[in-house]
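Morning, everyone. Let me put the next structure on the screen, and then I'll walk you through it.

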Amino acid sequence: MTTNRTFTMIKPDAVADGNSGAILKLIEEAGFRIVALKKTLLTKERAGEFYAVHAERPFYNDLCNYMSSGPIYAAILEKENAVADFRTLIGATNPAQAAEGTIRKLFAKSIEANAVHGSDSDENAALEGSFYFSKTEQF
Ligand code: IDP
């Protein structure tokens, strides 16, 4: 089943660099509707919970430190074929491999500080959205 929602975070490096507005503009121009949006600061523990699926990966500890190093924006987005289309819009995990014009190509600094998150499946989009937003915060 293909749902019409995905979940994103604008990561600490992009927020600190003042790129949040430019990134949200690209997202809206690509046809995504913002269903929910908040600025928040993760604790290291909370970042670890979000990325629990990566707990065994060598970069997990660094990733948790990085994701709790400064405020982020969390957002739920809506569009037909949202998960796949958003992954195309943001580009490859490693900005060195990201296609021209993608958000990561434009704004990411490294494979870790790669500007944005995008859900990788409809199931994870729903789980990740509910990690940050109650049903009454989604319009
Ligand atoms: P994705 O965000 O493109 O789906 P994942 O493999 O799910 O990529 O990794 C989650 C996040 O972990 C990445 O966005 C990036 O911030 C970080 N990450 C992934 N691979 C590495 C790595 O090899 N070194 C450091 N950080 C990494």
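I'll start at the annotated residue, then move to the ligand, the core and the strands. Keep in mind that this is a predicted model.

The unreviewed UniProt entry annotates His117 as "active site". Histidine 117 sits in strand 4, residues 116–118. Is histidine 117 buried or exposed? Buried, because 21 C-beta neighbours fall inside 10 Å, and the cut-off for buried is 20 or more. Setting aside residues up to four places away in sequence, histidine 117 touches Thr8, Met9 and Lys11.

Now the ligand. His117 is one of the residues around the ligand.

On to the core. The largest nonpolar core counts 29 residues. Ile23, Leu77, Phe86, Ile103 and Val116 have the most contacts inside it. Elements that each supply at least two residues of this core include strand 1, helix 2 and helix 7. Take phenylalanine 86: beyond its neighbours within four places in sequence, its contacts are Thr6, Thr8, Phe32, Leu77 and Gly118.

That leaves strand 1. Six of its six residues are buried. Arg5, Phe7 and Met9 lie on one side, with Thr6, Thr8 and Ile10 on the other. Strand 1 runs antiparallel to strand 3, joined by six bridges. Strand 1 also pairs with strand 4, again antiparallel, over three bridges. Look at isoleucine 10: it stands opposite tyrosine 73 in strand 3 and opposite valine 116 in strand 4.

Terms used: Residues numbered from 1 in each chain as written. Predicted model: local features only at pLDDT ≥ 70, side-chain atom pairs only at ≥ 80, totals over all residues. UniProt positions renumbered as here; feature names shortened; annotations may be inferred. Helix = DSSP H or I, 4+ residues; strand = E, 2+ residues; numbered from the N terminus. Buried ≥ 20, exposed ≤ 12 C-beta atoms within 10 Å, placed from the backbone. Contact = placed C-beta atoms within 7 Å. Near = placed C-beta within 6 Å. Core = buried A, V, L, I, M, F, W, Y, C linked by C-beta atoms within 7 Å. Pairing = 2+ DSSP bridges.
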